[in-house]
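User: I'm new to this one and would like to go through its salt bridges. Can you put it up?

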Amino acid sequence: MRIYTAIYQFCTAARPTTQVGHPATSRGAQLLGAELYNKLIEYLEIHLENIKLESGQFADESLIKYYIRTWNRYTTGARYLNHIFEYLNRHWVKRERDEGRRTVYDVNTLCLVKWRSVFFDSIQSKQMAAVLKLIEKQRNGETIENTDIKNIVGSFVNLGLDEHDSRKVSLSVYKTYFEGPFIASTETYYKDESKRFVAENSVVDYMKKAEVRLQEETGRVQLYLHQSTEKILMRTCETVLIYDHADLLRDEFQNLLEANRQEDLKRMFTLLSRIQNGLEPLRGKFETHVRKQGLAAIEKLATEAGENLDPKAYVDALLEVYRQYAHLVQYAFSDDTDFVKSLDNACREFINRNKVCSQSSSKSPELLAKYSDALLKKSGKSAEDSDLDAKLNDIMTIFKYIDDKDVFQKFYTRMLSRRLVHGTSTSDDAESSMISKLKEACGHEYTSKLQRMFQDMNVSQDLQIQFREAMAKNLEPSELTIDFTILVLGTNFWPLTPINTTFNLPDELVKTFERFQSFYQSKHSGRKLTWLWQLSKGELKANYPKSSNKVGYTFQVSTFQMAILLPYNNGDTYSYEQLQQITALNKEYLVGSLAILVKARVLLLEGSGEVGDPGTRYTLNMDFKNKKIRVNLNIPLRSEQKQDTETTHKTIEEDRKMLMQSAIVRIMKARKVLKHVVLVQETIAQIKSRFTPKVPEIKKCIDFLIEKEYLERIDGDRYSYLA
Amino acid sequence: MSSLTSAQRNAVSQFAAATGASTRSATTYLRNNAWNVERAVDEYYDSGAAATPKKESKAVVELFEKYKDPEDPSTIGIDGTINYIQDLGVALEDPVVLALACKLEGPTMGQFTKQGFIKGWQSMNADTIPKMKKAVESLSTDLANDPAFFKQVYRFTFGFVRPQGQRVLPLDTAVEYWKLLLEDKFPSEDLFCKWITFVTAEHKKAVPKDTWNMLLDFVVNVLGPDNGLDSYDAEGAWPSIFDEFVAYLRR
């Protein structure tokens, strides 16, 4: 306090004199301040010269220690001085600076400036070398005094002075004298180390090493470096440790994939994702690998199974490959969007274009639909509900990748109709859950027919009840000897077509047939009922076999078989020709139905010859025996099944043409005039969700539409729409 | 022309009322101008098609009367046509007959309408047989030397020789007229034969208008240039019959 007062007095002493008559009033006070300021500089310079001299005897770590020690003392002293010279700071220094003299500083800053110019500049390179040596020691695994470096860094930071505002910290000194050399030495260090390490160790080990090193360097920033260094340090390390060895790492990628080393793949992903474009080449490799794995899995399956490929096995094989790599993408590649895309591309490839699909590209959707049919059909080992739902979700997983979604739709519709008509669906819940999944994936239009089918089923049930009530009201119970159920289904929504044969309904059924016909016409006049006999079935009670117990056998038969069997109420033997006359069925259906009855030994073929040969005779087997009381004879004919698949494929072609034509007309209607290329592109874009149309097919449709005068060519490659 | 919308039909009648042109040419001009009546009328007058209707030349009318069909006095029938063409000193199977039919707006093979006949000759400034002979000669030169005129005649031919009420040209008719008009437009006789073989033995379908029209472009732009076939793009706007033909050639 005393000194402070003295300074005050020194600075103010001149004032009275100046006020008495000297014209240059303020100059006097200033000169006095300057004198003091210059004295201070002189003092500091002498002090620092001594320090410099003393520092000469130290080197390396001891120099660092010495530096820190003197720095601490010096800065403390500087703070004191600053307080003491506060008056000078506030008046003389301030005025000088206000007048633009940038070389005049407040006392604290002055101390730092002098420290830097007299002492620091002369030893910094020697000292920095010591610091770097220390850090290298630490990198080599020795323990060092972290706080020492931290203090040095602190000193470097504090020495950075802003010329314009002494209170602001500038990092210029730190950046130039510390960060620069530090980064350079880091680069050299890791360049050498990684080169050596790679030469002696495996790539996997190197990745581990690099991972550790990167972590260490991040830690180093926290420990004793300035926060601003982190970015450039990491970039340097990434370049030296990863970028320079990126090709080496990438070369290992394939091996890791083959061996399914998920941990290492994850490591590689993390490392390479740190550098720019580091992952790019991996995506392609990954895609190719997954595609090859998928194709190989299917090829293996196809060779093992041959002709009779089980839909379930096929779908399971697809799923297995998908799951393995979906998990890898999630676990090792953190669901990176580009890897997800590569996975999708690969899956689409091996699902749509594998060995099984080589004969027909629509094989995948067909098998997938068949598998879903197997799941949704009632069977001995029905899956648990939750289990079933998971399996349906699996189907959707594959479905997502199917190109020809229209083919799936066709087969699915066909099989659903069969499940509904024959009542073989596991549960309505499962069916509707599957439909809502499809709807979610493909939109309302895709499933509208399927939903209509369910609606028809419900309407039919109501109709059934109404019919029964009407009959009970109008007829004697004795007249209603036949249990009768019916499904009335909309022609446009069901993939069912009447078959090409005549048929005489057995007399026993004619009454019921006529009653329903007139009942339905009275409700909906003008609607036409087409009876699909090939889908009808019934049960016959057989009381005749000698071996039967009191209950008698029940035969579950098709209506055709019923027409064949019912005449045996009147006689024991009929010839093929007689049966043909009675039933009026064509050869294919008559022989098919007969063959099953003969095979089950309900009827016995007399003498030699094949079923259906002219003149063959069929006798009722009185000694019929079977373990079961209900005997199912209603087995679908082989020819029917095959025909089914064929017609499905044929209708797909027709539907595709329609779909393309209507898309083209829609587009042209909206755009009026369009270039050929654009029209083709837009058509593909519109239809892609159903199937991938081929350009020649689209061109044929355009040709057709021009011919039918929906479109007109206005010059070489433009079309216009004709309403 | 039943494929026109009511708005288009309306435009046609507006156009016809403004210019006095036939429905047929009205439709053509309108179609070329995206059914904009104003622009179509402009083009119509610019093209000189409407060369201010002179008073009907008496000589031309008299000539028409000479050849007209006794049963339908507004047309020249098949017999009249044959006589007339012979009087002009032209062989019936000369392509210039098609050019003439095009100029006189003949509706179909072996027939001229009075309107078309008179308007046509007036525009060519010919009202006597000798003058007409001269005109036919120059048509012949134009046909050989003016690609635009040839294209016009070629395209006209489709409608001219197409059987009434049909949308497509029977294959044998098409082949016949290709031989007449296009054979020497093909870069080589061999290519022309290949085309004919292709359409008669492989493709075997009647020829729709688009195929007919585009064949000329195809011959000029694809078959003509030296490397035209190599750079042929099957995904381009060509009707698919040409894709198949190119595939056939490459086979």
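User: Which residues are linked in a network of salt bridges?
Analyst: A:E280, A:R283, A:D336, A:D338 and A:K341 form that network. A salt bridge here is a side-chain nitrogen of Lys or Arg within 4 Å of a carboxyl oxygen of Asp or Glu. This is a predicted model, where local features need pLDDT of at least 70, side-chain atom pairs count only at pLDDT 80 or more, and totals for chains, interfaces and linings use all residues. Residues are numbered from 1 along each chain as its sequence is written, chains are lettered from A and ligands numbered from 1 in the order in which they are written, and side-chain values use heavy atoms, leaving out hydrogens and water.

User: How many salt bridges over all chains?
Analyst: The search of the whole structure gives 47.

User: And how many between chain A and chain B?
Analyst: Four. In one of them, B:R31 pairs with A:E712, with 2.8 Å between the closest N and O atoms.

User: Back inside chain A, what does A:R267 pair with?
Analyst: A:R267 forms a salt bridge with A:D264, at 3.0 Å between the closest N and O atoms.

User: Is A:R267 buried or exposed?
Analyst: Buried, at 15% relative accessibility; A:D264 is buried too, at 7%. Buried means under 20% relative accessible area, exposed over 50%, and partly exposed in between (1.4 Å probe, protein chains only).

User: What about A:E49 and A:K52?
Analyst: Their side chains meet in a salt bridge at 3.9 Å, N to O. A:E49 is partly exposed at 38%, and A:K52 is partly exposed at 29%.
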